[in-house]
Amino acid sequence: MAVNLVNVENVSKVYGTRALLDGVSLGVSEGDRIGVVGRNGDGKTTLIRMLAKLEESDTGRVTHSGGLRLGVLTQHDSLDPEATVRHEVIRDMADHEWAGNSKIRDVLTGLFGGLDLPGFPQGLDTVIGPLSGGERRRIALAKLLIEDQDLVVLDEPTNHLDVEGIAWLAQHLRERRSALVCVTHDRWFLDQVCTQMWDVQKGDVYEYEGGYTDYVFARAERERIAATEETKRQNLVRKELAWLRRGAPARTSKPRFRVEAANELIADVPPPRDTSELMKFASTRLGRTVFDLEDVTVQAGPKVLLKHVTWHLGPGDRIGLVGVNGAGKTSLLRALADAARSDGETQPVAGKVVVGKTVKLAYLSQEVAELKPTLRVLEAVQQVRERVDLGKGREMTAGQLCETFGFNKEKQWTPVGDLSGGERRRLQLLRLLMDEPNVLFLDEPTNDLDIETLTQLEDVLDGWPGSMIVISHDRFFVERTTDKVYALLGDATLRMLPRGIDEYLERRHRMEEVAAAAVTVVEKAAPAVSAADQRAAKKELQKIERQLDKVSEKEAKLHTQIADNATDFAKVAELDAQLRDLGGEREELEMRWLELAEDA
């Protein structure tokens with residue numbers, strides 16, 4: 001029988017006049033893999049913070065089993081800005097110690113792309129302070145994952161990870177023995193990792209067996225039985241359920257729920273998009289030419305990202321763009337956007353971008369545009385337009401579109417300055433759509449959006465007639481909203497992938513295998529080491545390890561002496577000089593250890 005790790009008993013939490021959680025009772029046991037979903041602001045983060053005892057409840061209690069080893073990833077890290085990555089992640093372990101630990105090697109390679117942390121200016125010795133929020137978050141995640149825990153609690157762990165990083169993290173968590181509670185809007189990730197779901201809604205938490213697909217099936221059935229009056233939301237659930245039932249291209253898990261009533265619920269639901277009708281409508285709005293790239297080269301500073309690319313974005317094309325970080329996805333969109341804004345006068349460093357005369361581009365960048373903080377949400381939308389034409393005779397007012405994007409009548413009168421990051425993101429996208437563009441560039445549109453808002457956004461895009469390019473690490477969103485996937489694999493080319501993101505991951509895996517094989521060939525080409533040399537190397541290795549232990553002891557004593565003589569600056573300077581000498585000695589010993597390790 002599974003041991004109970006955490007008990008949440010009759011817990012309530014009120015902020016102002018709003019009850020986020022009202023009499024909630026839950027439990028986490030060994031082996032549980034729990035995904036937490038719900039709208040932004042409904043209490044997901046509050047729930048897991050109370051679960052981890054980082055925040056106290058107003059009523060009820062949370063109890064942990066004795067000696068519980070708990071690891072928590074919050075949305076705000078507690079890393080020391082003056083420390084190095086090495087100090088925070090692997091502490092004071094010597095290179096030969098951590099390099100010999102398979103778990104540490106796997107985490108560093110999975111999250112950073114290599115043991116030398118490519119992309120970080122000084123590798124493991126990079127100081128944390130100047131790093132971006134995304135880089136700091138990966139460091140915090142790495143620090144957590146190399147430890148052993150009974151329970152891991154993660155708040156949005158896929159933020160700032162690329163498609164490969166998310167796939168690695170899913171596999172890593174599946175293979176860990178620790179229990180898991182995870183808040184995320186990444187639906188593919190939930191399906192890959194979780195075997196239970198908690199749905200936080202209006203003060204209550206509803207529990208479901210299975211991953212995200214199972215949750216959608218069960219929720220549709222629950223809402224059918226409850227005969228909910230929220231017709232709009234129910235219809236969105238039916239639509240997503242129908243899409244999942246038909247099978248997404250990259251799905252690997254088989255839903256456990258095959259509820260007959262749920263299947264009846266979607267029997268008359270058509271495919272999400274009428275592709276041929278949308279293409280026809282897009283052609284009338286855009287003509288034949290949207291963007292034509294002829295032998296284009298794209299650079300970011302001195303770095304060449306794409307070379308000799310010839311590509312055609314036609315009317316009604318819905319393209320998902322994936323690739324390794326730094327391969328040029330955003331740079332490609334910016335090059336196209338610059339050409340569109342300048343009527344073709346601004347061109348890449350080489351080649352030509354031809355822009356259709358009727359192109360009206362809306363570009364959702366990763367940066368949230370600043371708006372006057374005193375402006376109300378509805379006013380910010382009405383500034384752009386009072387009504388919007390969604391095609392095929394569909395029209396919506398600014399207020400109606402606000403409601404579609406989760407801004408109810410009360411929220412529409414909230415000042416922009418009081419909105420959360422996710423709400424500002426929604427508002428930014430809403431304003432772009434109100435301007436009636438016929439070409440959309442969406443760069444990481446899912447950042448900070450909850451699952452329900454993502455579902456509503458997908459519903460709006462289903463009927464939007466135009467050309468679209470989506471850059472996203474959320475593979476569920478890419479598969480749901482686009483018809484073709486193109487990839488930048490880091491080799492300065494742009495390739496179409498008929499089998500989508502699965503094919504992208506396979507290609508990247510093959511590239512890594514080829515690189516590893518090349519290293520092996522080089523190693524095999526090195527002169528063979530005799531048995532006598534191997535024995536000598538092992539003997540010297542043992543001697544160096546004893547020397548390293550002595551150096552560590554001396555360093556520890558010096559640190560203690562420095563602390564004891566903190567007010568004697570002359571003495572501290574003398575001790576610090578000795579410490580630096582020891583550091584040099586350690587570095588030489590470790591270099592020699594690594595050289596001998598190959599022979600041994």
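Predicted model: local features only at pLDDT ≥ 70, side-chain atom pairs only at ≥ 80, totals over all residues.
Trainee: Why are α4 and α6 called roughly antiparallel to each other?

Mentor: The axes of helix α4 (residues 102–112) and helix α6 (residues 163–175) cross at roughly 150° and come within 8 Å. Angles over 145 degrees count as roughly antiparallel, and α4 and α6 are therefore placed in that class.

Trainee: What makes up the contact of α4 with α6?

Mentor: From α4, the residues are Asp-106, Val-107, Gly-110 and Leu-111, and they meet Gly-165, Trp-168 and His-172 of α6. Sorted by class, this contact has 3 nonpolar, 3 polar and 1 charged residues. Gly counts as polar under the classes used.

Trainee: Why is α4 also called roughly antiparallel to α5?

Mentor: α4 packs against α5 at an angle of about 160°, the axes being 10 Å apart. The cut-off is again 145 degrees, so α4 is roughly antiparallel to α5. The crossing of these two helices is right-handed.

Trainee: Which residues of α4 and α5 meet, and how do they divide by class?

Mentor: Lys-103, Val-107, Leu-111 and Phe-112 of α4 are in contact with Arg-138, Ile-139, Leu-141, Ala-142 and Leu-145 of α5. They divide into 7 nonpolar, no polar and 2 charged residues. Lys and Arg count as charged, and Lys-103 and Arg-138 are among the residues listed.

Trainee: Why is Arg-86 called partly exposed?

Mentor: Its relative accessible area is 21%. Buried means under 20% and exposed means over 50%, so Arg-86 is partly exposed. Asp-125, with 41%, is partly exposed as well.

Trainee: What makes the pair of Arg-219 and Glu-452 a salt bridge?

Mentor: Their closest N and O atoms are 3.8 Å apart, and the limit is within 4 Å. The pair links distant parts of the chain, with Arg-219 in helix α8 (residues 212–226) and Glu-452 in helix α16 (residues 451–462), 233 residues apart.

Trainee: Are Arg-219 and Glu-452 buried or exposed?

Mentor: Arg-219 has a relative accessible area of 7%, and Glu-452 has 13% relative accessibility. Buried means under 20%, so Arg-219 is buried and Glu-452 counts as buried.

Trainee: What is noted about phi of Glu-156?

Mentor: Phi of Glu-156 is near 55°, a positive value in a residue other than glycine. Most residues other than glycine have a negative phi. Glu-156 is found in the loop between β6 (151–155) and α6, and its relative accessible area of 10% makes it buried.

Trainee: How is Glu-436 described, and where is it found?

Mentor: Its phi is likewise positive, near 55°. Glu-436 is found in the loop between α15 (421–434) and β17 (439–443).

Methods:
Residues numbered from 1 in each chain as written. Heavy atoms only, no water. Axes fitted to C-alpha atoms, helices over the stretch in contact; angles between N-to-C directions. Helix = DSSP H or I, 4+ residues; strand = E, 2+ residues; numbered from the N terminus. Parallel < 35°, antiparallel > 145°, perpendicular 65-115°, else oblique. Contact = heavy atoms within 4.5 Å. Buried < 20%, exposed > 50% of the residue type's maximum accessible area, 1.4 Å probe, protein only. Salt bridge = Lys/Arg side-chain N within 4 Å of Asp/Glu carboxyl O. Left-handed = near helix turned anticlockwise from the far one by under 90°.
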